[in-house]
Amino acid sequence: MGESGEILASFCKSAITQARQRLSPRVMSQLFHQLVRPMASTDTKGAFLNGLRIVVIDRTCFDLPDSDENARVLVVRAAVLAHKPHFPNCD
């Protein structure tokens, strides 16, 4: 319990990933499209350069198991197929 008596939940590192995996990709896509909006306004200092909005993209890379299901869903590059790694990257 916290100092004021409220119950504090304790989660392992993978709790968010596990919860996300219980949902379908469609749900995550819908959530993304409902929530993602530009955060900066035209008055936000440093958000625009020469009239163009500055955009940053996080290129996260995941190691995924080499399975038939992943091969059907993911686009696999020819270079990956050539040496068939056990954990292809999804990037």
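Is Ile-54 exposed, partly exposed or buried? In this predicted model, Ile-54 is partly exposed. The views below begin with the whole chain and then move to single sites.

**View 1. Overview of the protein chain, with four helices and four strands.** From the N terminus, the order of the elements is α-α-β-β-β-α-α-β. The chain has 91 residues, of which 5% count as buried.

**View 2. The largest pocket, with about 530 Å³ of space.** Its lining is made up of 15 residues, and those closest to the pocket centre are Arg-20, Gln-21, Pro-25, Phe-62 and Leu-64. Two or more lining residues come from each of helix H1 (15-22), helix H2 (25-35), strand S3 (62-63) and helix H3 (68-73). By residue class, the lining of this pocket holds eight nonpolar, four polar and three charged residues.

**View 3. A nonpolar surface patch formed by Leu-49, Ile-54 and Val-56.** Together, these three residues have about 330 Å² of accessible area. Ile-54 sits in the loop between strand S2 (52-53) and S3. The relative accessible area of Ile-54 is 46%. Because buried means under 20% and exposed means over 50%, this value makes Ile-54 partly exposed. A patch residue needs over 30% relative accessible area, and Ile-54, with 46%, is above that cut-off.

**View 4. Asn-50, a residue other than glycine with a positive phi.** The phi angle of Asn-50 is near 55 degrees. Asn-50 belongs to the loop between strand S1 (48-49) and S2. The relative accessible area of Asn-50 is 76%, so this residue is exposed.

**View 5. Two loop residues, Asn-50 and Ile-54, on either side of strand S2.** The loop that holds Asn-50 runs between S1 and S2, and the loop that holds Ile-54 runs between S2 and S3. Asn-50 is exposed, whereas Ile-54 is partly exposed. Ile-54 belongs to the nonpolar patch with Leu-49 and Val-56.

Methods:
Residues are numbered from 1 along each chain as its sequence is written. This is a predicted model: local features need pLDDT of at least 70, side-chain atom pairs count only at pLDDT 80 or more; totals for chains, interfaces and linings use all residues. Side-chain values use heavy atoms; hydrogens and water are left out. On a 1 Å grid over the protein atoms alone, a cavity is a set of points where a 1.4 Å probe fits but cannot get out, and a pocket is an open set with protein on both sides within 12 Å along at least five of seven lines; lining residues have an atom within 4 Å of a point. Grid points are joined across faces, edges and corners, and a volume is the space filled by probe spheres set on the points. Ala, Val, Leu, Ile, Met, Phe, Trp, Tyr, Cys and Pro count as nonpolar, Asp, Glu, Lys and Arg as charged, and the others, Gly among them, as polar. Patches are made of residues with over 30% relative accessible area and no salt bridge: like charges are joined within 9 Å, nonpolar side chains (Val, Leu, Ile, Met, Phe, Trp, Tyr) within 5 Å. Accessible areas come from the Shrake-Rupley method with a 1.4 Å probe; for residues, only the protein chains shown count as cover. A salt bridge is a side-chain nitrogen of Lys or Arg within 4 Å of a carboxyl oxygen of Asp or Glu. Buried means under 20% relative accessible area, exposed over 50%, partly exposed in between (1.4 Å probe, protein chains only).
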